[in-house]
Amino acid sequence: MERRHHHIMTLLISSSALGKVVVLLSIFKISLIRTTTAFLATSLTRRSWAAASHHSFRTRSFGIRSMTATTSGSSVATPPVAPREEDRVVYVGAAPPGWKKELPRQSDSSKEKLIDPPIALPDPYGWMRDEKRENKKVLDHLKAENAYTQALTAHLDGLRTQLYDEMLASIQETDYTTPRPDGDYLYYTRTIEGKSYTIHCRAPKPDGELNIDWDKTPDTPILKGEQVTLDVNQLAEGKSYCSTGAVMYSPSKEKLAYSADFTGGETCLLFVKDLTTGEIVDHDEKLEISGSVRWGADDTNLFYLKMDDAHRPFQVYRRNLTNDQADEMLLEEKDELYWMGISKSLDGKYLFVETSSKETSEIHFLDLHDPAATLQCISRRRSKVLYEVEHREGRWWIQSNVGGLPNMALFSAPAVPDSQDQWTLVKGPDGTTLFGGSYERSLDYLSCFKKHIVASGREGGLPRVWFMAMDQDSVEKMEMLVFDEDAYDVGMGSNREYDTETVAVAYDSMVTPTQTLEINLSNTSERKVLKERAVPGYDRNLYACERSTVLSRDGNTEIPISIVYRKDVMEEHKASGKPVHVHLYGYGSYGACMEASFSSTRLSLLNRGIVYVIAHIRGGGEMGRQWYEEPNGAKYLCKKNTFNDFVDVGKWLVEGRKLTTPEKMSCEGRSAGGMLIGSCINQAPDLFKVAILGVPFVDVVCTMVDASIPLTVIEWEEWGNPNEEKFYQYMKEYCPMQTVRQGGKYPACLLTGGLHDPRVQYWEPSKFAATLRHVQGPSSGPVCIKMDMSAGHFSASDRYKYLKELAFDFAFMLDQLGLAK
């Protein structure tokens, strides 16, 4: 449900055939993460809107200034001057006159007092908001912004090409993902040099042990009998954008259901393909869905989600592929605070339909093997009680914070409806509670197998994986996976089979490329590296990483940081004491963790002498949910902790560690991380030389007052509702658009956006850039916008175009740091 996910620059490729796993094929690494509301539904946020809801008074418009100014016969790039409509306002608080009654000013469950009478908040650049993306004045302004940025950075064409070539050289373009078994087949994806998109494949499972003897050429199959089930390159032909959501094989493995987004707006179309004939056997071009799709017990039924006008998944439907009857709606969630998601138990017995807000959840189940079954509730929603469910051998396995626990505890109960009174904490063979929801150990995900349960969570600030051997309904033994490196990222890989003795685990670190490990569930010492990501030219002996902590300004909180660098750069720094260039990255929202993971594209910075630092600031989940939740995390009225932590880390790198100086330090954040950077450069504008704000959520107050904007209502339980007295002033004090310093010396800023972004609308970076130019001091760096006119929140879907965009960002940063040569 996060609006502004993601910070991780990925191409969304597919979801696994079974279970709650979404596969993200990243340029940086291949990893697997689990989602409870399936493709994009867990994260959606920002926006499409209704113009009538934006109350304002318009003044006359002013022309946009020319892109160039002539000085002494030479042409110098000058930024476009956005006209300010000084009379334009947004109303904060109770509904102003003329407000549409169907648009709430607060949630029905809120007991907070609305600001009444409402406050008129100036919004001089509000004219940039055009929900239809058709206003000529707005489009001309965006084109002028792009032209200015291109003119200002034209001298970097050579560097951009060099960076692109370096990044491309560090990727094995013709490659494949680890084949994973499901029934009679092994499933995997391929990429081919020169082709932008993934190819989904399968091959018959061999009788003996799997041995891959591949000559690394595009035309040679990875495995004998390879069948291409979906070539996304063909799907993308003639389209400027193409991203697949769910890619789901039917229970018989004879059909393939997949969803695809062709605009970047995260609205998908549904296709069903016959894998024997290759024909599309079901497709309705008028049916728009969220990306999530699940099969029933056989090839007859499909389940999918529809979205409302606010881009909120709110209805689950069953589609019968054997008749022409209208699709059947099984459940509708009318409360705008709640989003809907679907998943399927790994044993194939149940469909789960989850409706959840940021703080409360409710899950229904459907017995897929009973034709007469209807949806039944596992536990009715209870205020501020979150839970998730898996099924194993006739029991629910539940993770929940019920009782106000700081982290999720592990419970078990019979697989019956309304089971909440039967939940019991899961204990080990010695009677100790395994996951009690304490501060020390957090539980994030469960994977249930026939004889084992695998838990993923955190302990000591690091991701952890625990294997539990089951004796019927009891835990016989629990063992945590142990690795040699001090900081790393680990999680479950693609596991499609319920009855298995081994699982795939994905592992990497800041210096170790992603490995897929096959581990015996009963003996964790039995490990086999199935595949390690190939990084041509990479020598890990040249690099090192370390973990450290920084004391925050509150004097009590230790902020973890991860650092990676070339060894020779750090050795020279230690010997000479000379400062080095540092790039500081952060996110700090939604409880999302920024892991110490590998990135091949990061090598282009490291090899130019830059030390790369990730600040694991509050608002994330690195130290458990308490790192995110009130009273000491960074949500609601403690959100400023996110920004203070980041600034404190930056100052420590300069004054404490004495690693760098403000003139040598850059910073970056994307999506909600863009809000982080915007707020931090307002708090400490002279701390950084250059800042990159990717698809930044920076107009927090104006966005969060307006329920016509998709995802606003659900995020009242994330940031608070500025229409209410309790939150308005506090939010205004950290909102980047409201806190730009008059006359401040700001770093050079590059802001990126996507015209079709539904999470962070394009006008947010546009308005912030105009505000910076209007207010900042004359000694500030340039403010540039790069607006992708054909993409959404996740940047380019084309992997080559994505690398070019990343090269653009890096070139801008290197140039401003004086490292362009």
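How do the residues of the lining of the largest pocket divide into nonpolar, polar and charged? Keep that in mind as we click around.

You're looking at a predicted model, where local features need pLDDT of at least 70, side-chain atom pairs count only at pLDDT 80 or more, and totals for chains, interfaces and linings use all residues. Residues are numbered from 1 along each chain as its sequence is written, and side-chain values use heavy atoms, with hydrogens and water left out.

**Stop one: the domains.** Select 345-534 for domain 1 and 538-660 for domain 2; such bounds come from an automatic or database domain assignment. Their centres, taken over C-alpha atoms, sit 29 Å apart.

**Stop two: where they touch.** Here 22 residues of domain 1 are in contact with 26 of domain 2 (heavy atoms within 4.5 Å).

**Stop three: R458.** Show R458 and E595: they form a salt bridge, with the closest N and O atoms 2.6 Å apart. The term means a side-chain nitrogen of Lys or Arg within 4 Å of a carboxyl oxygen of Asp or Glu. Between the two domains the count is three salt bridges.

**Last stop: the largest pocket.** Select R625, Q626, E629, E630 and P631, which lie nearest its centre among 27 lining residues. A pocket is an open set of points on a 1 Å grid over the protein atoms alone, where a 1.4 Å probe fits, with protein on both sides within 12 Å along at least five of seven lines; lining residues have an atom within 4 Å of a point. Each domain gives the lining at least three residues. And the answer: 10 nonpolar, eight polar and nine charged (Ala, Val, Leu, Ile, Met, Phe, Trp, Tyr, Cys and Pro are nonpolar, Asp, Glu, Lys and Arg charged, the others, Gly among them, polar).
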